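Good morning, colleagues. I shall speak briefly about how some secondary-structure elements pack and pair; please look at the model first.

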Amino acid sequence: MFVLYVTIHMYFYEPKYVQYYNEIAKKYAEDPFLKRLSSFSVFLSKSIKFLTPTALLLMVQFYKNQQRYLKLNEQKKIAELTALKHQLNPHFLFNTMNNLYALAIKKSDQTPEVIEKLSDILDYMLYRCNDIFVSLQKEIELIENYLSLEKVRYGKRVQISFEKDIQQDVRIAPLILLTFIENAFKHGVSQELKEAFISIKISFEGDYIIFNIKNSKSKTHVEKSIDCIGLNNVKKQLDLLYSTNYSLEIKDKKKSYVLTLKLISK
């Protein structure tokens, strides 16, 4: 481009307008073609002159591409979260309907209460937790309804402890905590013929929500892995929504499972 510029300037522009040049420009016009090409100062000045707008245009284009990439990435994240929720909700509903089925077989007087709790849970899952982040207090209410259903189902077979130490309402990704609780019942209670226990605690320290759950292992059947569809999905959601702003620790002890989740509040 520099060679083309010098050629056009020397053979087409200068013959017409050299008489209007100042002394310095006239002196430069006397230089031969090869000498002009070897002038580093001229080359540098022309490069800056022509490359500056090019650089600005490239920066604008880069910015537009970055904005487009971020928008597509956000749309992809929302689509993935929606797909994960669609997998999670039927999984939860299947387990809860089993609770109701067991009571209906027994013709229990508690069946209407269970239907009411289930109705509240479904109403929340279908209409009130469609945002990416929801109120932690609403999630606690959901957990309490779920625990009520499980208490009715298992009766004296399980001891349930639920502690809350939340001084202010913060926001959290929906259905995250419930999935861990559901998993604890699946692996700690459903296969235990005698008494089992589940201990749950939710607290808020600094900017972090601390969730701890401990449940007994079944003495009649030992699971090889505590992973399941719901648990795998919730791990993917944590990665999408919290990235590196969370920690998840699962301990497989001799007589119990202990899970600790720590994530930053939104």
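Two strands pair if DSSP finds at least two bridges between them. Strands (E, at least two residues) and helices (H or I, at least four) are DSSP runs, numbered from the N terminus. This is a predicted model, in which local features need pLDDT of at least 70, side-chain atom pairs count only at pLDDT 80 or more, and totals for chains, interfaces and linings use all residues. Residues are numbered from 1 along each chain as its sequence is written, and side-chain values use heavy atoms, with hydrogens and water left out.

I begin with the strands. Strand β5 (residues 208-216) runs antiparallel to strand β7 (residues 256-264), and nine bridges join them. In this pairing, Tyr 208 stands opposite Ile 264 in β7. Strand β6 (residues 246-252) also pairs with β7, in the antiparallel sense, over seven bridges. Here Tyr 246 stands opposite Leu 263 in β7. A hairpin of three residues connects β6 to β7.

I turn now to the helices. The axes of α6 (residues 136-154) and α7 (residues 176-188) come within 9 Å and cross at roughly 20°; axes are lines fitted to C-alpha atoms, for helices over the stretch in contact, and angles run from 0 to 180 degrees between N-to-C directions. The two helices, α6 and α7, are therefore roughly parallel to each other, a term for angles under 35 degrees. Contact (heavy atoms within 4.5 Å) involves residues including Leu 136, Tyr 146 and Tyr 154 of α6 and Ile 176, Ile 181 and Phe 185 of α7.

Technical notes: Angles under 35 degrees count as roughly parallel, over 145 as roughly antiparallel, 65 to 115 as roughly perpendicular and the rest as oblique.
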